[in-house]
Amino acid sequence: MAHLPDFISDLAIILITAGFVTIVFKWLKQPVVLGYIVAGFIASLHFKKFIEDLVVKVTDIPEGQVADVFKVLPEISDMANVSIWAEIGVIFLLFALGLEFSFKKLIDVGGKASIATLINLGSMIIIGYLAGELFIVNLIDDWTSMDSIYLGCMLSMSSTTIIIKAFNDMGLQKKKFAGIVFGMLIVEDIAAIVMMVLLTTFASSQHFESGEVANSVVKLVFFMLIWFVVGIYMIPTMLKKLKKYLNDETLLIVAVGLCLGMVLFATSVGFSAALGAFIMGSILAETIESKHIEHLIEPLKNLFGAVFFVSVGMMIDPAVIGEYAVLILILTLVILIGRTIFATVGVLASGEGLKVALQSGFSLAQIGEFSFIIASLGMGLGVITETLYPIIVAVSVITTFTTPYCIKGAEPAYNWLEKRIPKKWDKLIEGYGMSSYNTVNKQNDWKKLLQSILKLVAIYTTISIAILLVFQNFINPYIVEYVPGSIWGNILAAVITLTLMAPFLRAVMMKKNRSEEFKNLWRDNRFNRGALISLIAFRIVICVALVLMVLIPLFPRLTILMVIISLAVVTLIVFSQGFKKQSRKIEARFLENLNLKQKYDEKKAAFLPTVANDLRSKSIHVEEFEISQSSPSIGKTLRELNFRQKTGVNIVTIIRGSKKINIPDGNERLYPFDKLVVSGSDEEMQTLAQYLHDKREQASQMEEEAQHHVSLSQFLVEPDSPLVGKTIANAAIREKTECMVIGIDRNDESIIQFTPNFMFEEGDIIWLAGEKEKLNSFEENIGDLQPIIP
């Protein structure tokens, strides 16, 4: 009989062990990830040695005889094989993470989650590094400063998998703090990618240098921007045109091929395979096939992800854990206390109230999969000691078990603190966000113009530089070599390069020069005109510099002539209608692909409510509920159901298949599978869920036909506002703007219960619920109000 390769036999042992152990963990209602880690330990040589030593200690059987008995058990023949499987697992885990990520989701999360995460992340990296340095002095002699750096990074990463599992088991998905936690986890994922790039740089140099760090960050940002822009421009169009040929089999092959292709490209330019997989996943996340690809890739992710976590378990050495039990206990306390405190402080700093901050902080008191990936990176690079891996795995296992208890402990902790906080610190309990609100009033024209120009210049300049680098390094040398006559080769190389760069250079110089903001500023005063002309001149200088970067390497002895030619080239680009049309065509294609998914997006932000501005002091946010087939509410009108009086929520939108009914009136009836987009507090959401008998998990509420984009925002009633002196009924806000007034802040009073005869005054802050587009156009829609009720 043919000999079975060790590669296959090792995989068989891994999967058989993982299968049995994870079934037991499912029966015990424990996270499957823990089952994989335990399975890895059982399949490892460390477990075999542990059992042998235990049998020898409790029996009189000689050690040699015990070893002979255990020889009949199958064992992993080559850990190198496991490492290969594990690396494939990391690639598919990061690819799947990218598919769930989406750059738009990061924008929706906004600055609040970024502020909270950066405070928590930075603090834990520093604490972890200092703890590592302390251990070097007192507990572990063979650790180095690189171990301390990696330890700090590992302690800064929470576990998305464990938190999702805990929230699902405890029914907390619709709580306001759950959305904040998942927003922070998205930012953490991005930070982890950057961290891996920087750690690789540090590993190669073995020390910190600001120049190297800056170079790595710039290089990362440059390549991520190029990959994203080019990917969004090409891949959705390609998938759209090939749609009729893409069944499940071919789509899976194409998706995996794109993933591994990006992995290959990323490693060739000096980045990790994990980064390449994540980038391709995030590009495909913007396509209409993203959910389909995510579904197809899930078995591969589960299979190879299981192998990765099993390989993590194989690193557990009971001897090391026993030797460093004190250190493991210290690190566990550092995570439970440090992450809770710093995450809470971060959420408070972002403007949330104390209760939400504590709930978020207590939820993030663990480490997980990204910590293992970072540890694997350090082991692969050979820059951390072997003892660090089993120590961090042991800490992760302990904190995973404590996560549900930490989440439950948040509310008692809040109740205890609330009684002891002085009254003058009421803002701490309510949250500072209510005083630093964002409004839907018109933004400053300068701010809007500069933001849009900065974004456009950054993108188009980056693309131009990318074209320049590709031609200088790969194409121009061949053109110069094979075209007869050296001067003609250089000329041809310059013409081709500049022709491809021209549409983007024109966009750098001309975009937004005819926008409404530009026209308004131009009309206002002469000072604005001078500033606007200077802004255009600065953009032209950038383009001249880019053209010179093309010409001077090809014609190094003609510098002065090249400056004159570059000015002529820039002038030609500005006045060329062909480059203008091409620039618009490229931008239109990119925006079409970027927004294509919005119409077909099959995945709603189950754990990330798209709430623009929450009523923080009242813990009000937006959520979605589905009317089940057996609900007693079916067939009844909203007036009959009277949800506002019974549960306190406001019905903002009803989604019925592909139809959306914004701001429904009391005569609207409910039907099976209707989705209600409502605003209310945590308690009101829970009351409504109970009332509707909605026991489904939130993840099952992902449909393809329609999606809500309802947000909460604020509008400041200024002295010249048409709302001053009008009642809610007179203003006809619901009818004219399709937005709902759900609260008014006047002076220090927050008014939630009000009648249609409530009159607006100057300085009122109106809390509105509605679709983002309706909120953005709210001020224009109330510009010429005609009262409906005299």
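In which helix does Ile 23 lie? Ile 23 lies in helix H1, which spans residues 6–27, where helices (H or I, at least four residues) and strands (E, at least two) are DSSP runs numbered from the N terminus.

The model is a predicted one, in which local features need pLDDT of at least 70 and side-chain atom pairs count only at pLDDT 80 or more, while totals for chains, interfaces and linings use all residues. Residues are numbered from 1 along each chain as its sequence is written, and side-chain values use heavy atoms, with hydrogens and water left out.

**View 1. The whole chain.** The chain has 32 helices and 8 strands. Of its 790 residues, 52% count as buried, a term that means under 20% relative accessible area, with exposed meaning over 50% and partly exposed in between (1.4 Å probe, protein chains only). Among the contacts in the chain with a separation of 6 or more, residues 24 or more positions apart account for 80%, a contact being heavy atoms within 4.5 Å.

View 2. Ile 84 is found in helix H5 and, with a relative accessible area of 42%, is partly exposed. Ile 84 and Phe 7 are 77 residues apart in sequence, and their C-alpha atoms are 9.5 Å apart in space.

**View 3. The nonpolar cores.** A nonpolar core is a set of buried Ala, Val, Leu, Ile, Met, Phe, Trp, Tyr and Cys residues joined through side-chain atoms within 4.5 Å. The largest one has 159 residues, and Leu 94 and Tyr 150 are those with the most contacts inside it. Helix H5 (residues 79–101) gives the largest share of this core, 12 residues. Not counting residues up to four places away in sequence, Tyr 150 touches residues including Leu 199, Ala 203, Ile 374, Leu 377 and Leu 388. A second, separate core of 29 residues includes Phe 177, Leu 348, Phe 362 and Ala 410.

**View 4. The packing of helices H11 and H12.** Helix H11 (residues 248–268) and helix H12 (residues 273–284) pack at an angle of about 135 degrees, with their axes 7 Å apart. That angle makes H11 oblique to H12. The contact involves, among others, Leu 258, Cys 259 and Met 262 of H11, together with Ala 273, Gly 276 and Ile 283 of H12. The axes are lines fitted to C-alpha atoms, for helices over the stretch in contact, and angles run from 0 to 180 degrees between N-to-C directions; those under 35 degrees count as roughly parallel, over 145 as roughly antiparallel, 65 to 115 as roughly perpendicular and the rest as oblique.

View 5. Phe 167 is found in helix H8 (residues 160–170) and, at 0% relative accessibility, counts as buried. Among the buried residues of H16 are Leu 354, Gln 359 and Phe 362.

**View 6. Glu 289 in a loop.** Glu 289 has its place in the loop between H12 and helix H13 (290–314), and its relative accessibility of 8% means that Glu 289 counts as buried. Leaving aside neighbours within four places in sequence, Glu 289 is in contact with Lys 243 and Leu 251.
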